Amino acid sequence: METFIDVTRFLLSALASTLIGKRVLNCTWELTHRCTGKCEICNYWKNPSTLDQELRLGDIQKGLEKIYAYGCRWVNFTGGEPTLRPDLEEIVHYASQLGMWTTMVTNGSLLTRERIREFKKAGLSSMFISLDSTNPQAHDRQRGINGSFAQVLRGLCWLREEFISSYRAGGIMCVLTRENMWTYRDLLKLTDDLGVYAVFQPYHANKTGKTELAAELDERQVEGMLTAHREFKNLLCTKTYIKGFKAFFEEGPLPPCHAGIKYFSIDPLGFLHPCVDIPSVGHLMKDDMSVIRSEEALRKVRLCPGCWYSFRGEADAALSLKGYFEKLKIGLTTLKKNRSFQKRWRSRPAGAGRPGGYRGGKEEPPSE
Ligand SMILES: C[S@@+](CC[C@H](N)C(=O)[O-])C[C@H]1O[C@@H](n2cnc3c(N)ncnc32)[C@H](O)[C@@H]1O
Ligand code: SF4
């Protein structure tokens, strides 16, 4: 997306699709399983893809055309660590030129101010850097990267200074686990103070099998998150998505999963999956896109124990008119908030709010 005209066209076509009950497809594209991290919550780094297995730029471009023709209008580039690919800027540019909303999730380890400028030029709509705690040691330990916390904070400052403007959002993506589930307010304060946004998603044991890391949020805590939603305008999750946390944690009935119908995933080798954690059902270069909705694909989806990843919960939320307007409201709040962030930062002395000044947050749960 390059201009407001592109964004308006995107919003109108999403509204039209919602009204006629047609589902616009979202794609999570894992461009590599190589990684600079060694996270406790993830196991991609244990079985990395190799360079010669991964799709080349030309095939990715053909693939982007193919998924666009099949109705995909939003693609989230992720990994492994997507910034390990030196052609990531070109990939983003190609998708954006086709008319897709492009987003990225990164651990931030390879970000530079210059690279962030290039992503903006390429048409990236939003960028989220993973941050798991306001406590530097806790974050670095979870990520398995010394100095990761400081680098993430540097990345967030660059996002604010070089990227966030008009409709573009940038900030943190935080996975809520048993260790950090009560720190969301600290993270919201930290990010608001830095002039960036925050999204949360609950940890899921699908990737690692480590159920002991799972957070246990009860009704009171979900209510607390909804209060935070009213207070912190830099929290970009929809209320509908946050309300879904309760069903996910209580293992109550979740809304029906639309994997394969509303969203799908592509792995580094080009295999197509109804969702990141479901086995492949075909190949981007060899099969028709309809394999993601085949009987076999939908059968695999029915066997899934269910997650509440944000790509799922937020996409489901956007299927109703209420959800569409909730998203639109978040978009309009972002436009307003971006202006207030910029005003606030222009009036601060040079160097204020730089990572060096941050001493780190609490690691213990709040007392009752
Ligand atoms: C798989 S990572 C890839 C991008 C990049 N390497 C990073 O860590 O940001 C994408 C997002 O998924 C999150 N994630 C990893 N394992 C997860 C899990 N088991 N449950 C929920 N989210 C997870 C990461 O923290 C990150 O925010
Ligand atoms: S969560 Fe991201 S940084 Fe951590 S191992 Fe997985 S892909 Fe790498």
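**How the chain is put together**

Q: What share of the contacts in the chain between residues at least 6 apart in sequence join residues at least 24 apart?
A: That share is 73%. A pair is in contact here if the two C-beta atoms, placed from the backbone, lie within 7 Å.

Q: What kind of model is this, and how are things numbered?
A: It's a predicted model, where local features need pLDDT of at least 70 and side-chain atom pairs count only at pLDDT 80 or more, while totals for chains, interfaces and linings use all residues. Residues are numbered from 1 along each chain as its sequence is written, with chains lettered from A and ligands numbered from 1 in the order in which they are written.

Q: What makes glycine 108 count as buried or exposed?
A: Buried takes 20 or more other C-beta atoms within 10 Å of the residue's own, exposed means 12 or fewer, and partly exposed is in between, again with C-beta atoms placed from the backbone. Glycine 108 has 28 within 10 Å, so it is buried. Leaving out residues up to four places away in sequence, glycine 108 touches Ile129, Gln151, Val152 and Gly155.

Q: How much of the chain is buried?
A: Buried residues are 46% of its 368 residues.

Q: Why say that the buried residues of α5 line one face of the helix?
A: Helices are DSSP runs of H or I with at least four residues, strands are E runs of at least two, and both are numbered from the N terminus. Helix α5 covers residues 136-143, and His139, Gln142 and Arg143 are buried in it. Looking down the axis, the buried residues of α5 fall within an arc of 95° (taken from the directions from the helix axis to the C-beta atoms), so they line one face. Those buried residues pack against α6.

Q: What is meant by the largest nonpolar core, and which residues touch the most other members?
A: A nonpolar core is a set of buried Ala, Val, Leu, Ile, Met, Phe, Trp, Tyr and Cys residues joined through C-beta atoms within 7 Å. The largest one has 92 residues, and Ile172, Cys174 and Ala198 touch the most other members. Helix α6 (148-163) gives the most to this core, seven residues.

Q: Which residues come nearest to ligand 1?
A: Being near takes a C-beta atom, placed from the backbone, within 6 Å of the molecule. There are 19 residues around ligand 1, and Cys42, Asn107, Ser130, Met173 and His204 come nearest.
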